[in-house]
Amino acid sequence: ISSIVRIFAIFLLPAAVLGVPPQVIGVVAPLHLFAQFWYHTQHIGKMGFLEQIIVTPSHHRVHHAINPVYLDKNYSQIFIFWDKLFGTFQEERDDVLPVYGVTRPVRTWNPIKINFMHLWLLIKDAWHAQSWWDKVRIWFMPLGWRPEDVAKQYPVYKITDVYHFEKYDSHVSSSLVTWCWFQMFVLLLLISYLFGNIATIGAPDMFVYGAFVFLTVYAYTELLDKSRFAWIWELLKNLLGVYVIIQFDDWFGLSKYIPAVKIILLSYFILSTLITI
């Protein structure tokens, strides 16, 4: 969610002000990003002397774990000695198997809701807090902090036993799961076309396309959640799709590759709406 306000760019501003050339920032920034990918694995154990220097898979398993002993530890991204310096280091223990996740578990398959759920909780807590001081300091307090009056009046479920808790399951039928797989497959094809032709599609059409992708994901994950409003999101998605075809007499130039694309997609939009309902 922080990518919306470009926090990473804000952190780089002091480097630019101090005179670090833009070419250096342009090279280091993606290296810094991709250097964080490799350690998301369970297949690599302890790495000897490197454990003292860099962030290893073992260190990062701790970072993602919700076991009490592992909470709020190993924040470093490249070098682990920063955590040791600031007192947030925790070694992975052989007797404590890391359990990944968040202590306030999600109760949805909708990735858009998941991305905003913690921000939304902060906003609601700030709104419900009686004290103006609490309304302000909630944005600066440690992770998990809630105003005392809000926590009592609006309790939030938290996992207490990390090895025994009920994972979210909306208990949907196999036919519904199959239908959502189909929706995801269709979306994958359409997104592949978008990525392959994004320069040709250009602005503002790419944002219309993005809105269609957004609505598609929202609609079929709401359906998986058994939301009674899922059909509304599906209808909005398909109305947007019909609008694009009527407005441009095409699907963002796809007809030059598939002449019958308009008929295929219109049929899909109608069928998808009816099946969802």
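**Entry 1: α8 and α12**

I looked up how α8 and α12 run relative to each other, and they are roughly antiparallel, a label given to angles over 145 degrees, whereas angles under 35 count as roughly parallel, 65 to 115 as roughly perpendicular and the rest as oblique. This is a predicted model, in which local features need pLDDT of at least 70 and side-chain atom pairs count only at pLDDT 80 or more, while totals for chains, interfaces and linings use all residues. I also noted that residues are numbered from 1 along each chain as its sequence is written, and that side-chain values use heavy atoms, with hydrogens and water left out.

Helix α8 spans residues 174-196 and helix α12 residues 261-276, and I read a packing angle of about 150° with the axes 12 Å apart. The axes are lines fitted to C-alpha atoms, for helices over the stretch in contact, and the angles run from 0 to 180 degrees between N-to-C directions. The helices themselves are DSSP runs (H or I, at least four residues; strands are E, at least two), numbered from the N terminus. The crossing of α8 and α12 is left-handed, that is, the near helix is turned anticlockwise from the far one by less than a right angle, clockwise being right-handed.

For the contact (heavy atoms within 4.5 Å), I listed Trp-179, Phe-182, Gln-183, Val-186 and Leu-190 on α8, and Leu-265, Tyr-268, Ser-272, Ile-275 and Thr-276 on α12. These residues divide into seven nonpolar, three polar and no charged, where Ala, Val, Leu, Ile, Met, Phe, Trp, Tyr, Cys and Pro count as nonpolar, Asp, Glu, Lys and Arg as charged, and the others, Gly among them, as polar.

**Entry 2: two residues of α12**

I then looked at Ser-272, which is found in helix α12 and is buried, with a relative accessible area of 0%. Buried means under 20% relative accessible area, exposed over 50% and partly exposed in between, with a 1.4 Å probe and protein chains only. Its side chain makes a polar contact with the side chain of Glu-234 at 2.4 Å; such a contact is a pair of N or O atoms within 3.5 Å, where within protein one must be able to donate a hydrogen and the other to accept it, and residues adjacent in sequence count only if both atoms are side-chain atoms. Leaving aside neighbours within four places in sequence, I found Ser-272 in contact with Trp-179, Gln-183, Glu-234, Lys-237 and Asn-238.

Leu-265 also lies in helix α12, and this residue is buried at a relative accessible area of 6%. Not counting residues up to four places away in sequence, Leu-265 touches Leu-190, Ile-245 and Trp-251. I noted too that the C-alpha atoms of Leu-265 and Asp-250, which are 15 residues apart along the chain, are separated by 10.0 Å.

**Entry 3: the packing of α10**

The axes of α8 and helix α10 (residues 205-224) come within 10 Å and cross at roughly 170°, and the two helices are therefore roughly antiparallel to each other. Among the residues that make the contact I picked out Trp-179, Gln-183 and Leu-190 of α8, and Phe-212, Thr-216 and Leu-223 of α10. The residues of this contact divide into 16 nonpolar, two polar and no charged.

Turning to α10 and α11, I read axes that come within 8 Å and cross at roughly 155°, which makes α10 roughly antiparallel to α11. The crossing of α10 and α11 is left-handed. The contact includes Phe-212, Thr-216 and Leu-223 of α10, and Glu-234 and Lys-237 of α11, and its residues divide into 13 nonpolar, two polar and four charged.

**Entry 4: backbone checks**

Most residues other than glycine have a negative phi, and most peptide bonds are trans. I found a cis peptide bond from Ala-203 to Pro-204, with omega near 5°, and Pro-204 lies in the loop between α9 (198-201) and α10. Asp-249 is not a glycine and has a positive phi of about 55°; I placed Asp-249 in the loop between α11 (230-248) and α12. Phi of Asp-72 is near 60°, again a positive value in a residue other than glycine, and Asp-72, in the loop between α3 (57-64) and α4 (81-86), is partly exposed with a relative accessible area of 39%.
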